[in-house]
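Dear colleague,

I am passing this structure on to you, and I would be glad if you could look through it before reading my notes.

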Amino acid sequence: MPDSDARQVSIVEVSPRDGLQNEAGLVSTQDKLELINRAITAGVRRIEVVSFVHPKIVPQMADAEMVCAGLPERDDVEYIGLVLNSRGLDRAVQSGVIDEVGCVAVASDAFGLRNQRQTREQSIEVCNRLIRRARENGLSAQVTLSVAFGCPFEGEVERNTVIDAAQRLAESGPREIALADTIGVASPIQVEETFAAVRAALGPDVPLRAHFHNTRNLGFANAYGAIRAGVTTIDASIGGIGGCPFAPRATGNIATEDLQFMLERMGVQSGLNLDQVINAAGWLGSVLNRPVPGFLSRAGTFPE
Ligand code: ZN
């Protein structure tokens with residue numbers, strides 16, 4: 001790898017929220033907490049645990065407060081709650097245990113209008129307001145720009161659109177800005193060039209995070225593209241669960257265990273224990289009653 005590449009990458013675990021959100025069958029609060037505990041045991045120190053959205057819109061997240069009430073008290077673990085509006089932010093603050101809110105802006109109008117009834121401009125304004133209010137309430141806040149590499153309705157997303165959105169989102173001082181390939185259409189070169197361009201536009205002080213879906217089997221190549229661009233924080237989901245409501249049969253997020261294997265084989269540290277992540281993925285498959293999409297829980301690690 002080139003010298004500029006990271007020797008250390010932090011994985012943000014997103015399975016309890018992004019991973020489970022699109023599961024048709026309701027997963028019990030107890031199993032969600034077991035998943036969170038297994039992730040922490042495996043070394044995860046930053047984890048997206050719930051979203052504070054209306055239970056009618058996302059029934060799987062209706063027990064957000066119960067999940068929060070059952071979270072292990074750990075000073076060394078940061079709990080992230082997704083919020084889309086001020087009501088959600090109030091719930092995150094009231095939980096007393098959420099350390100950080102995650103906000104979602106959109107890179108395309110058509111996706112935003114269908115997904116959260118906001119244009120790109122509106123989503124940026126809402127996120128900046130939420131980020132400022134979260135910080136006033138003593139919470140950390142970050143934002144993810146979804147469909148940053150392609151939109152299911154508008155097609156290609158211009159790089160300048162992504163740069164402009166990132167610059168405007170940086171105005172509210174988020175902890176970091178993530179670029180998400182929500183529908184899994186990016187290529188590694190596109191990822192590397194886009195992150196490099198956003199980094200150049202924002203300067204060195206705004207951390208960047210990457211979020212990939214393995215819908216077309218390029219999720220891990222794209223993670224490598226992000227690492228090559230100097231990104232040191234990557235989202236992943238145990239077992240590779242999750243998906244996008246606009247890509248119904250698609251594979252979900254990149255699997256934590258598969259990403260961890262790639263990082264280990266490249267000599268990049270993440271602090272995770274691969275065997276424990278594989279165990280968690282196997283357990284999750286038994287809860288969901290089907291094999292998870294990730295490869296490592298089938299193939300096993302190497303060397304043994
Ligand atoms: Zn995702």
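**Salt bridges and core**

The count of salt bridges comes to 17, and please bear in mind throughout that this is a predicted model.

One of these joins the side chains of arginine 290 and glutamate 23, with 2.6 Å from N to O. The two residues are 267 places apart in the chain, arginine 290 lying in the loop between helix 11 (274–288) and helix 12 (296–299), and glutamate 23 in the loop between helix 1 (15–19) and helix 2 (29–41). Arginine 290 is partly exposed, at a relative accessible area of 38%, whereas glutamate 23 is buried, at 15%.

A salt bridge is also found between the side chains of arginine 133 and aspartate 90, at 2.8 Å from N to O; this pair links helix 6 (residues 120–136), which holds arginine 133, to helix 4 (residues 86–95), which holds aspartate 90.

Arginine 175 and glutamate 100 form a further salt bridge through their side chains, at 2.6 Å from N to O. Arginine 175 lies in the loop between helix 7 (159–170) and strand 6 (177–181), and glutamate 100 in strand 4 (residues 100–106), so the pair ties together parts 75 residues apart in sequence. Arginine 175 is partly exposed, at 30%, while glutamate 100 is buried, with 0% relative accessibility. Both belong to one network, joined by salt bridges that share partners, whose members include Arg46, Glu78 and Asp235.

As for the largest nonpolar core, it has 90 residues, and Tyr79 is among those that touch the most other members. Tyrosine 79 also touches Glu100, as well as residues including Ile36, Leu71 and Pro72.

Best regards

Note on methods:
Residues are numbered from 1 along each chain as its sequence is written. This is a predicted model: local features need pLDDT of at least 70, side-chain atom pairs count only at pLDDT 80 or more; totals for chains, interfaces and linings use all residues. Side-chain values use heavy atoms; hydrogens and water are left out. A nonpolar core is a set of buried Ala, Val, Leu, Ile, Met, Phe, Trp, Tyr and Cys residues joined through side-chain atoms within 4.5 Å. Buried means under 20% relative accessible area, exposed over 50%, partly exposed in between (1.4 Å probe, protein chains only). Contact means heavy atoms within 4.5 Å. A salt bridge is a side-chain nitrogen of Lys or Arg within 4 Å of a carboxyl oxygen of Asp or Glu. Helices (H or I, at least four residues) and strands (E, at least two) are DSSP runs, numbered from the N terminus. Lists of a residue's contacts leave out its neighbours within four places in sequence.
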